[in-house]
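Here is a briefing on one protein model. Keep the sequence and the 3D view open while you read.

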Amino acid sequence: MTAAAIEFQNVTKVYRRVFREEQVTALSCVSFEAGAGEVCAFLGPNGAGKTTAINLLMGFHFADSGEIRVLGCAPGDVRAKAKIGFLPENFAFYKYLTAPKLLQLHLALAGDRSAEAAARIPALLAKVRLHGYEKLKIGRFSRGMVQRLGLAQALLDDPQLLILDEPTSGLDPAGRREILELLMALKAEGKTVFLSSHILPEVEQICDRIVIIDRGRLVRAGRLQEMLDTGDRVELVADRITEEVEQAAVARGVVVEHGPQGVRIVLHAAGKREMAEALWSAGCDVVSINPLRSSLEEVFLKVVEHREAGA
């Protein structure tokens with residue numbers, strides 16, 4: 001793994017309701033890392049503790065125990081904050097401003113009033129597909145346009161680390177594809193992207209690493225390809241299968257599925273050669289043999305539902 005851009009070590013956060021004398025554990029002994037230059041997805045059902053973790057990461061709240069490091073610094077350290085672009089899930093911009101004026105305001109809030117920084121704004125608006133809307137007030141933007149502007153705000157100071165909470169929220173399919181392509185381009189530039197999203201098929205397209213939490217606890221973390229690897233199963237596709245070969249395969253526990261494009265056969269890797277030879281001997285053509293992979297959605301539902309069943 002590359003050097004960690006984000007590190008959580010046994011982090012616990014408890015919210016206390018003073019007047020009710022109640023305690024709510026939002027995070028309990030959570031540990032994970034996100035490497036520099038990676039796209040890391042931070043996943044979990046509603047109420048899992050994702051927002052709390054992001055708030056701790058940004059230095060908005062403080063952990064009760066454990067250690068967090070962001071770009072080698074403690075959360076809230078100005079040296080790290082200068083290298084972070086942040087897009088929260090729920091945000092609001094001044095509706096009477098235009099997009100360029102808003103970005104100029106954010107530059108001023110960051111203490112950067114240089115002409116060089118202001119000159120980056122047109123290119124940045126073009127990058128998020130807002131070119132041509134420079135004179136339109138934000139109050140007249142669509143939800144998707146506001147989301148694009150939020151991403152432009154996060155990219156304003158050319159950050160090393162992007163922390164994005166639901167970055168494709170409110171966008172149509174074409175808009176989501178453009179944002180995903182932009183995130184991949186940012187990764188190619190060496191930037192680290194830490195994102196939370198509920199749209200798992202999109203996450204699967206762009207992420208290197210996955211972190212899944214549920215009810216404040218880490219339930220799964222690792223590289224995406226390793227997480228989706230089913231280990232010892234393969235998928236064999238043939239143009240057809242004879243009844244005799246199919247009956248013998250099913251008797252051994254092999255899964256055979258007929259479709260318009262041929263026959264899909266799922267079996268243990270140890271038996272793939274024997275199956276291929278049986279098909280060839282019967283005059284069938286083997287189109288492909290590939291390791292079987294799960295989808296991220298399947299993995300997510302499996303680990304979350306397993307945890308619920310064991311609760």
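**Six-stranded sheet**

Six strands make up an open sheet with mixed pairing, ordered β5-β6-β7-β3-β8-β9. The edges are β5 and β9 (217-223), each of which pairs on one side only. From one strand to the next, the twist averages 10°. This is a predicted model.

- Helix α1 packs on this sheet. It touches β3 (39-43), β5, β6, β7 and β8 (209-214). The direction of α1 makes about 150° with that of β6.
- Strands β6 (residues 161-165) and β7 (residues 192-196) run parallel and are joined by five bridges.
- Asp-165 stands opposite Ser-196 in β7.
- In a regular strand, side chains alternate between the two faces of the sheet.

**Three-stranded sheet**

- An open sheet of three strands has antiparallel pairing and the order β2-β1-β4.
- Its edge strands are β2 (22-35) and β4 (65-70), and each pairs on one side only.
- The twist here averages 20° from one strand to the next.
- Ten bridges link β1 (residues 4-17) and β2 in the antiparallel sense.
- Two partners in β2 can be named: Glu-22 is the bridge partner of Arg-17, and Val-24 is that of Tyr-15.
- β1 and β2 form a hairpin, with four residues between them.
- Helix α1 (residues 50-58) lies across β1, β2 and β4. It runs at about 115° to β1.

**Backbone: positive phi**

- Most residues other than glycine have a negative phi.
- Glu-21, in the turn of the β1-β2 hairpin, has a positive phi of about 55°.
- Leu-71 is not a glycine, yet its phi is positive, at about 50°. Leu-71 sits in the loop between β4 and α2 (78-81).
- Glu-166 is not a glycine either, and has a positive phi of about 55°. The loop between β6 and α7 holds Glu-166.

**Helix pair α6 and α7**

- Two packed helices are described by the angle between their axes and the distance between the axes.
- The axes of α6 and α7 (residues 173-188) come within 12 Å and cross at roughly 10°. Angles under 35 degrees count as roughly parallel, so α6 is roughly parallel to α7.
- From α6, the contact uses Arg-148, Leu-151 and Leu-155. From α7, it uses Gly-175, Glu-178, Ile-179, Leu-182 and Leu-186.
- By class, the contact of α6 with α7 has five nonpolar residues, one polar and two charged.

**Largest pocket**

- The largest pocket holds about 480 Å³ of space.
- It is lined by 18 residues. Closest to its centre are Lys-81, Ile-84, Phe-86, Ala-110 and Gln-153.
- Three elements, β5 (84-87), α3 (99-109) and α6 (143-155), each supply at least two residues of this lining.
- The lining of the largest pocket divides into twelve nonpolar, three polar and three charged residues.

**Second largest pocket**

- Which residues line the second largest pocket? They are Arg-233, Arg-252, Gly-253, Val-254, Val-255, Val-266, Leu-267, His-268, Gly-271 and Glu-274.
- The volume of the second largest pocket is about 190 Å³.
- Strand β12 (residues 262-268) gives the largest share of the lining, three residues.
- Four residues of this lining are nonpolar, three are polar and three are charged.

**Cavity**

- One cavity of 30 Å³ or more turns up in a search of the whole structure.
- The largest cavity has a volume of about 50 Å³.
- Its lining consists of Pro-167, Thr-168, Leu-180, Leu-183, Leu-195, Ser-197, Glu-202, Val-203 and Ile-206.
- α7 and α8 (200-206) each supply at least two of the lining residues. The largest share, three residues, comes from α8.
- Six residues of the cavity lining are nonpolar, two are polar and one is charged.

How values were computed: Residues are numbered from 1 along each chain as its sequence is written. This is a predicted model: local features need pLDDT of at least 70, side-chain atom pairs count only at pLDDT 80 or more; totals for chains, interfaces and linings use all residues. Side-chain values use heavy atoms; hydrogens and water are left out. Two strands pair if DSSP finds at least two bridges between them. Axes are lines fitted to C-alpha atoms, for helices over the stretch in contact, and angles run from 0 to 180 degrees between N-to-C directions. Contact means heavy atoms within 4.5 Å. On a 1 Å grid over the protein atoms alone, a cavity is a set of points where a 1.4 Å probe fits but cannot get out, and a pocket is an open set with protein on both sides within 12 Å along at least five of seven lines; lining residues have an atom within 4 Å of a point. Grid points are joined across faces, edges and corners, and a volume is the space filled by probe spheres set on the points. Ala, Val, Leu, Ile, Met, Phe, Trp, Tyr, Cys and Pro count as nonpolar, Asp, Glu, Lys and Arg as charged, and the others, Gly among them, as polar. Angles under 35 degrees count as roughly parallel, over 145 as roughly antiparallel, 65 to 115 as roughly perpendicular and the rest as oblique.
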